[in-house]
Amino acid sequence: MSRILIREWPWFVAGLLVVIAAVFAFTQSARPQWEATGYIQIGQVAGVLQGQDPKVEPLARVLERLKFVPFQNQVMARMGIGEGAPEARLYRKSLKLEPLPYAGPLVKFTVRGWSPQQASQFAEATVAQLQTLHQQLQAGPLALTQARLGEVQADLDIAQNQRRQLILAATPDDARDRNAQAAGVASMLLATTNTEIHTLQQTRGELAVRLSPNYTYDTSLMWPVYVPRGPAFPNLPLLWGVGVLFGLALGAFAAIARHAVRRARAVTVTFNQTDDTRHLPTHGGHGAAAGRDAATSNPHAGVRNP
């Protein structure tokens, strides 16, 4: 194999140079693309009924929404980019999603742009558009929970006012003659009011905790968008590595093919020369041999009678 490559080195080098030239031309003409990576935290409202998912949308529905072309067009319109623009085509083509159901759940996504700033803007605009839609979806449940909290607070204020009045009614006053039976009734009502106030305070506390940022929050980026310094495309180390390997393979194939053609031609020429030797004219050789055979069989054939 090595002797073939050494003998046919021009073809080997030619195949390698062809691939290297093609790789170089591609790297110079290809437009670089940067890739941004982000993690979406799906918003939730904790004031929903028992047993229901507090998330604004289930994880599967969020994935389908992000893949939906009209949603992607809305993201582009948010940035002032038309649906048929090259940037929009790059956004739709490069958007990749990865669900992380055991981490929140979260949605990991990547998107590419012609520059690091554009890739980052694409990612942020995607989350901003999704956040806008989710805010509309969670507005109803959030308003109901807040209204419920307001009702509980109002009932608690009324109960506390009643308790203050009952305390005054149940407290004995030596300066005035009070009915003992009325004082006893006031004491019983005071105990009931205290129980009601305790229940209302507990309900208010639960609703306040549910509406706190730990349990009720908007859809947002879990962490800032990350964009590497180098472009994601073209990947120069990978491209040159594959190009060199392919060039070596192509060069070896060209050298072996050239060697095979050379050998086929040599065999054809040798065969033609052998065949021509076998078909040369035989008058001289075969005639002399026939004369010798005749003289041997009839010794007196060449002697003249006296």
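**The sheet and its helices**

Modeller: On the exposed side of helix α3 are A60 and E64, where exposed means over 50% relative accessible area, buried under 20% and partly exposed in between (1.4 Å probe, protein chains only). This is a predicted model, in which local features need pLDDT of at least 70 and side-chain atom pairs count only at pLDDT 80 or more, while totals for chains, interfaces and linings use all residues. Residues are numbered from 1 along each chain as its sequence is written, and side-chain values use heavy atoms, with hydrogens and water left out.

The buried residues of α3 (residues 59-67) are L59, V62, L63 and L66. Seen down the helix axis, these buried residues fall within an arc of 100°, so they line one face of α3; the arc is that of the directions from the axis to the C-beta atoms. Helices (H or I, at least four residues) and strands (E, at least two) are DSSP runs, numbered from the N terminus.

Now the sheet. Four strands form an open sheet in the order β2-β3-β1-β4, with antiparallel pairing; two strands pair if DSSP finds at least two bridges between them. β2 (96-100) and β4 stand at the edges with a single partner strand each, so one side of each is left without a neighbour in the sheet. Five bridges join β2 to β3, and E98 stands opposite K108 in β3. Helix α5 packs on the sheet and touches β2 and β3, its direction making about 145° with that of β3. Contact means heavy atoms within 4.5 Å.

Strand β1 (residues 34-41) is joined to β3 (residues 106-113) by eight bridges, with W34 opposite G113. β1 also pairs with β4 (residues 220-221) over two bridges, where Q41 stands opposite S220.

α5 (residues 86-94) also meets helix α4 (residues 69-78): their axes come within 10 Å and cross at roughly 135°. Axes are lines fitted to C-alpha atoms, for helices over the stretch in contact, and angles run from 0 to 180 degrees between N-to-C directions. α4 and α5 are therefore oblique to each other, since angles under 35 degrees count as roughly parallel, over 145 as roughly antiparallel, 65 to 115 as roughly perpendicular and the rest as oblique. In this contact, V69, Q72, N73, V75 and M76 of α4 meet E87, A88, Y91 and R92 of α5.
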